[in-house]
Amino acid sequence: MIKLKSGKQVTFDYYVRFISLLEALDEINKKSEELNISLDNDKWIKPIAIQKYMDERYESIKHDLTVELTLGI
C-alpha cells in the first residue's frame, strides 16, 4: 500500500497505473506544444491510444518505482 499526502492509502498497482496515466498526459501535452495544437476541445482524446501507452509503460514504471521505494528516494 502507498500512503498519499491526503492520508488515503492505495494499492501499489493503482499508484503505478495513475503514474502511467500522468506520464501519458504529459507526453500528449509536450507533443501538442511541439505541433502547436490546441487542447481546448476534446477531439484529441484517443482512449485506446492512451490505454496502449499505459499498458506499454506499466512494467517499466513499476520497476522504477519499486527501485525508488527500496532506495528510499
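D13 is partly exposed, with a relative accessible area of 38% (partly exposed lies between buried, under 20%, and exposed, over 50%, using a 1.4 Å probe and protein chains only). D13 forms a salt bridge with K62, the closest N and O atoms lying 3.8 Å apart. D13 belongs to helix α1 and K62 to helix α2 (residues 47-71), so the pair ties together parts 49 residues apart in sequence. The model is predicted: local features need pLDDT of at least 70 and side-chain atom pairs count only at pLDDT 80 or more, whereas totals for chains, interfaces and linings use all residues. Residues are numbered from 1 along each chain as its sequence is written, and side-chain values use heavy atoms, with hydrogens and water left out.

**Overall architecture**

- The chain contains two helices and two strands, in the order β-β-α-α from the N terminus (DSSP runs: helices H or I of at least four residues, strands E of at least two, numbered from the N terminus).
- The chain has a radius of gyration of 15 Å, while a compact globule of 73 residues would have a value near 11 Å (taken over C-alpha atoms; the globule rule is 2.2 Å times the number of residues to the power 0.38).
- Along its principal axes, the C-alpha trace spans about 40 × 25 × 20 Å.
- Buried residues account for 15% of the 73 residues.

**Salt bridges**

- The structure holds six salt bridges (a side-chain nitrogen of Lys or Arg within 4 Å of a carboxyl oxygen of Asp or Glu).
- K62, the partner of D13, is partly exposed at 27% relative accessibility.
- E23 pairs with R57, with the closest N and O atoms 2.5 Å apart; this pair links distant parts of the chain, E23 in helix α1 and R57 in helix α2, 34 residues apart.
- E23 has a relative accessible area of 22%, and R57 has 24%.
- K30 forms a salt bridge with D26 at 3.4 Å between the closest N and O atoms; both lie in helix α1, four residues apart, about one turn of the helix.
- Salt bridges that share partners join D26, E27 and K30 into one network.

- S32 is found in helix α1 and is buried, with a relative accessible area of 7%.
- The side chain of S32 reaches the backbone oxygen of N29 at 2.8 Å.
- Leaving aside neighbours within four places in sequence, S32 is in contact with I37 and L39 (contact means heavy atoms within 4.5 Å).

Notes. Polar contact = N/O pair within 3.5 Å; in protein donor to acceptor, adjacent residues only side chain to side chain.
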